[in-house]
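Subject: Structure for you to look at

Hello,

Here is the structure I said I would pass on. Please open it next to this email and follow along; my notes come after it.

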Amino acid sequence: MPHVREGALHRLFHPRSVAFYGASSDPRKIGGRPLDFIKSTHFDGALYPINPQYQEVQGLKAYPTAEAIEGPVDMAIVAVPAPHVLAALEDCARKKVGGAVVLSAGFAEVGGQGLEWQRQITELARRTGMRVVGPNCMGSINVRRGLLGTFTPSAAGFGLVPGRISLVSQSGAFGGYCLSLIRQRGIGLNLRVTSGNQSDVDFADCVRFYADDEETDVTVGYVEAVTDKQRLVEALTLARERGKRIVMMKVGSSEAGAHAAASHTASLAGSDQVYDGLFRQYGVYRARTIDELFDVAYACSLARKPPQGNRLGLLTVSGGVGALMADAAADHGMDVAPMPDEAQRRLKAIVPFAGPRNPVDMTAQLVNDVTLFEKNFNIMLEEGGYDIVVAFLSSVGQVPALSDELLQQLKKVLARFADRTIIISMLATPEVRKLYEAAGVMVFDEPTRAVRAASALVRFARESARAEAADAPPPLPAGALPAPTKALNEVEAKTVLASAGIPVVREVLAATEDAAAKAAAQLGYPVALKIASVDIPHKSEVGGVLLALADETQLREGWRTLMKRVAERAPGARLDGAVVAPMVKRGVETIIGVNRDPVFGPVVMFGLGGVFVEAFKDVAFRVAPIGVAQARAMIDEVRGRVLLTGLRGQPPADEIALAEAIARVSVFAARNAEHIDSIDINPFVVLPAGEGGVALDALIVPRHH
């Protein structure tokens, strides 16, 4: 009954009537506080206290059960002791209540009988179609409707401003703190819910609902863990399709589900890195601090249009702060291009002692001649061609008369350059801030936070453009082999990958020394010689790789050396012989891998080879499968990608071929998700542009191996 459950969720967030189980006449108690809050906000629906011990609660007629209420009930707030919650929810179901918010604690978080009670709540929700938030949560809020279905003290006194931001938090305490922060900053809020133990309604449900909500433009999320990949991916996909922006804080960076002994990829694939890749994949902005979380959400809620590019103009009354902003812009990858020479001359003519390059320093002369504000903006936007301008005005916002003059000029600029983004950094009174925000201008106290917000808007714009471009994962070739069910040696692994469209090096598996010498002669010297054994996944650990063997003498000596090393260092290993392969003379070594995440399944990884992977963990992740455009984005995220551009006379690498290989590996992994634990292609050598790439070594670890 998916459509029934979706409708019930709407009744939960937008109720016309609310019942209160455990309603108390004491507004200081958990059972009394939600009713007291909602009464104080003049909620425009009906309120029904439910408490069989009283005829009246807080001046309202009380009822023994929901069934005793004559009219329909959309939502119930449940604040009774844990042993009585299920009976209250059964009463709700008989009344056909759309949804219930269970504030009561004492369920899965305490184990034992509480775990069984929560299981019964989940079963009831599935059986009846009624949606249940919680238990053990801080409730829900709809600011426009005056619905304060919570007992958190931070909701007291209301004082919330209707806006286009909706919040979902797995943590009740964090959700309460955010409510206080939102009110303190004067940020506009639409909906807020804390999901608690998630017996029914979970984090993904809320993200999906916000994506469809016409009064929500920005979703702010706090997540600790996700248990259902498909539901979250569907929610993020819908939000992207609807053009909704998501700003997320994910806590917990410990590695989970990695089998480090099996592959390099697994040792790098901690849960935090996987979430990071997932968020990038679906255009979610991941905030690392609470300030960043709300700065970015605030900017997204006020931005008139997405910026067309990342050219950033900096306008300031302080040369020192201008330099500070320029440094921050560089850290965030913004293009602080200088003003054109002619434009600089025009700025100098206006204020001879100004700094006209970018940052453009108006100096304190702005106080004497406020018309400088509009003039500087016009020149910067028209001749500088900046997509975004961040203007630092010090404490001008604390002088109402002066800030009002500047706002009038700014409105003219906004009307003339409707496709540009303007951000003001200044200390301002709440009244002045509201006037600027009403005009469509975001205001930040601190200038580097303003620059960070500008970079976030650019990133969202890029992600939106990428989402609009078709990026279907490439199809597997018709003759693709299935994933192995047992351990393979290197040659066998590369045979499977080659059938999936991944280019591999030409090589021969030799069982004897003579066969190796013959193969080397056919392939042409110099060659590499590598031990082939399903029991030795990492050959270098036993000295099982020899490179650049120049002739037959070195080849035969090398064979004997390898066999001796293996006999000494891995005496029980089964040997298939040794692999003979030609040396690849030029190219950039990279690593392409797959690891099976316990929640998200196959996750593809990319990084530069050698020290970049081992020492710096300079890698990018995506949930498989992906298309070539996402693979290109992965390449761009790796700091060491400069090696692919060609350094010190080296030719640029074939990034197109590399991206295609990454995408094909992801598709193979997704197709064989139930049978693969991990894949390592290390190294995958990227040849000069136009020449492709080639896998020199490969390892496939089947599941349950």
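Thr363 counts as buried, because its relative accessibility is 14% and the cut-off for buried is under 20%. Please keep in mind that this is a predicted model. Thr363 is in the loop between β16 (360-361) and α13 (365-368). Its phi is positive, about 65 degrees, although Thr363 is not a glycine.

Ala548 also has a positive phi, of about 55 degrees, and is not a glycine either. Ala548 is part of strand β22 (residues 545-549). With a relative accessible area of 43%, Ala548 is partly exposed.

Which way does α3 run relative to α4? The axes of α3 (residues 82-94) and α4 (residues 113-128) come within 10 Å and cross at roughly 5 degrees. That makes the two helices, α3 and α4, roughly parallel. On the α3 side, the residues that meet α4 include Val85, Leu86 and Leu89; on the α4 side, Trp117, Ile121 and Leu124 are among them.

The buried residues of α3 are Ala82, Val85, Ala88, Leu89, Asp91, Cys92 and Ala93. Their cover includes α4 as well as the strands β1 (17-21), β5 (75-78) and β6 (99-102).

One runs from Gly134 to Pro135, with omega near 0 degrees. Pro135 sits in the loop between β7 (131-133) and β8 (140-142). Another joins Asn682 and Pro683, where omega is about 10 degrees; Pro683 is in strand β27 (residues 676-686).

Val161 is in strand β10 (residues 161-169) and is partly exposed, at 36% relative accessible area. Leaving out residues up to four places away in sequence, Val161 touches Val143, Ile187, Gly188 and Leu189. Val566 is 405 residues from Val161 in sequence, and their C-alpha atoms are 71 Å apart.

On the surface, Val642, Leu643 and Leu647 form a nonpolar patch, with about 210 Å² of accessible area together. Leu643 belongs to the loop between α22 (628-637) and α23 (655-671), and at 32% relative accessibility it counts as partly exposed.

Regards

Notes. Residues numbered from 1 in each chain as written. Predicted model: local features only at pLDDT ≥ 70, side-chain atom pairs only at ≥ 80, totals over all residues. Heavy atoms only, no water. Patch = residues over 30% accessible without salt bridge, like charges linked within 9 Å, V, L, I, M, F, W, Y side chains within 5 Å. Areas by Shrake-Rupley, 256 points an atom, 1.4 Å probe, with all protein chains shown as cover. Salt bridge = Lys/Arg side-chain N within 4 Å of Asp/Glu carboxyl O. Helix = DSSP H or I, 4+ residues; strand = E, 2+ residues; numbered from the N terminus. Buried < 20%, exposed > 50% of the residue type's maximum accessible area, 1.4 Å probe, protein only. Contact = heavy atoms within 4.5 Å. Axes fitted to C-alpha atoms, helices over the stretch in contact; angles between N-to-C directions. Parallel < 35°, antiparallel > 145°, perpendicular 65-115°, else oblique.
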